[in-house]
Amino acid sequence: MKARARKLLLAALAGSCALTAAADPMARAGIRFEVVFSAEAREEPADGRVFVLISRKAEPEPRLQMSYSEPIPFFAEDVEGLRPDQPAVVGAGSDGFPLASLAELPAGDYFLQALLNVYTTFPRADGHTLKMHMDQWEGQSLAVSPGNLYSEVRKVHVDPARSGRIRLVLDRRIPPIAVPADTEYVKHVRFESPLLSKFWGRPIWIGATILLPRDYGKDPTVRYPVDYEQGHFSRAAPGGFGRQAEDNAFTKAWLSDDFPRMLLVTFQHPTPYYDDSYAVDSENAGPYGQAILTELVAYIENHFRVIPEPWARVLSGGSTGGWEALALQIFHPDFFGGTFAACPDPVDFRAFQIVNIYDWDNAWRVRRGWMDVPLPGERNTDGLVLSTMEQQLKYERALGPRGRSGEQWDAWQATFGPVGADGYFQPLFDPSTGAIDKKVVEYWREHSDLKVYLEKRWPELGSRLAGKLHITTGEMDSFYLNNGVRLLEEFLEKANPAYGGSVLYGPRQPHCWAGPLSAPERFKQIATYCADHAPRDADRAWSGR
């Protein structure tokens, strides 16, 4: 034992982390990491999830290399009431991705970094108390979230087969996000939502970034239509306005003499589950749909010179934003005047990405005779599978149990699913096997499947949505989202009364294909649509006609 301890000590002196011999039985099982945070970084105890990130390269920092598409190994453990200098142990039994266990890591020299994703306690209005990550206006990105702690990057020789401890110190705290300054054209809005704060038991903030048209400040009597562009969390200027202005076609068009004069608005509504709420009310996330309409849109219409009429409220967006642009129009057919949705998230749950949640029993694989065939999760336009469903779901489970990954599948389950007995969402998928819970499926069907919703209510909704639904998607969507669009289109094409909208497919086009038009041309298309649907006596000077 003494000779072994001397060898371990020599190995520690050669590395940049403290490695000490372990005499206890747990240590003899192999290497383990002891992660502590300093009192200088955080004085109070912490609830959260501790990560050890392992990479073969130092830059970018390992915390910025976390991804299911090109993953580096990481291992993690939840902690509660962790005090300064109290070690959190990450070892062979910890959750990991893409390696299931630390024991699978090949011996070698690695760059290590530790990270603590801090949880906040939410005494929710439904009586449940949850511990989740409070978004700090970074869009649920744990690697850069203000208040999270991280260590310096260190190069260490790691051999999981050898006993010992590697100590990593979380001595750095991520600073607050810089608030963008308002400019002549770009304005930022952010306020506490009474509805959402009541639901979560803590202040919850929502906001918007507003791009004003040229000459907005010249005549205070002129009012304008609005394109509410949906998408993931961002405080950047809508449309990419102002970025590399000398080469930015959208910026040039926006400031040109003959471009339509409208407002372009993006929302910020991150939840404790995800970087946005999907713009609907949810048992798990709260009344975000109500908050967006009655608080956020109402604020914009009260503080900016917009036309507060349905024909002058148009929706657009892609991916998550594409689903939101459709859902807001479908659920509020008389409030909005039309939607232009690109590559929307699943709109028919017979094709939830590649999975038919109604007819299949498992989201990871399908049974073909004697074979279990893995289901793909992402592909390129040549059909090459880039990740499987199992890999995507295991990645999120390793990031955080109980839906605390801050990622896509957890967001869908929180948005579309019921509350579980513990207050977190009731999973659709068994996190260990991929088995589909058919009781949860029925809840999804009744509350969130857009095609089912339309099919049940078309006699009531058809005339109110006539001409308002416009969808584009790539035929080789990276996440198979074109399959759901095709199923929705089959219903719409047969619907009576006629839906009068459009669905356009891009041959061999991947995810986020928004159609053949450039960004300025798409905006002109929306402006033309507004002008065509405005009352006969409406002033159309803003339209550029």
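Q: Which relative accessible areas count as partly exposed?
A: Partly exposed covers the range between buried, under 20%, and exposed, over 50%. The model discussed here is predicted.

Q: Why is Asp422 called partly exposed?
A: The relative accessible area of Asp422 is 36%.

Q: What makes the contact of Arg402 with Asp422 a salt bridge?
A: The closest N and O atoms of Arg402 and Asp422 are 3.5 Å apart. The cut-off is within 4 Å, and the pair therefore counts as a salt bridge.

Q: Which parts does the pair of Arg402 and Asp422 tie together?
A: Arg402 lies in the loop between H7 and helix H8 (408-416), and Asp422 in the loop between H8 and helix H9 (438-447), so the pair ties together parts 20 residues apart in sequence. Arg402 counts as partly exposed, at 44% relative accessibility.

Q: How do you know that Arg397 and Asp95 meet in a salt bridge?
A: Their side chains have an N to O distance of 3.0 Å. With a cut-off of within 4 Å, the contact therefore qualifies.

Q: Why is the pair of Arg397 and Asp95 said to tie together parts that are apart in sequence?
A: Arg397 belongs to helix H7 (residues 389-399) and Asp95 to strand S6 (residues 95-97), so the parts tied together are 302 residues apart in sequence. Arg397 is partly exposed at 33% relative accessibility, and Asp95 is partly exposed at 26%.

Q: Which residues are linked with Arg397 and Asp95 in a network of salt bridges?
A: Arg49, Asp78 and Arg404 are linked with them in that network. The structure holds 30 salt bridges.

Q: What makes the contact of Arg464 with Glu460 a salt bridge, and where do the two residues lie?
A: The closest N and O atoms are 3.2 Å apart, and the cut-off is within 4 Å, so the label applies. Both residues lie in helix H10 (residues 450-465), 4 residues apart, about one turn of the helix. Arg464 is partly exposed at 26%, and Glu460 at 46%.

Q: Why do strands S22 and S23 count as paired?
A: 4 bridges join S22 (residues 365-368) to S23 (residues 371-374). Pairing needs at least two bridges, so these antiparallel strands pair. In S23, Pro374 is the bridge partner of Arg365. The hairpin has 2 residues between the strands, and Gly369 takes a positive phi near 65° there.

Definitions and conventions:
Residues are numbered from 1 along each chain as its sequence is written. This is a predicted model: local features need pLDDT of at least 70, side-chain atom pairs count only at pLDDT 80 or more; totals for chains, interfaces and linings use all residues. Side-chain values use heavy atoms; hydrogens and water are left out. Buried means under 20% relative accessible area, exposed over 50%, partly exposed in between (1.4 Å probe, protein chains only).
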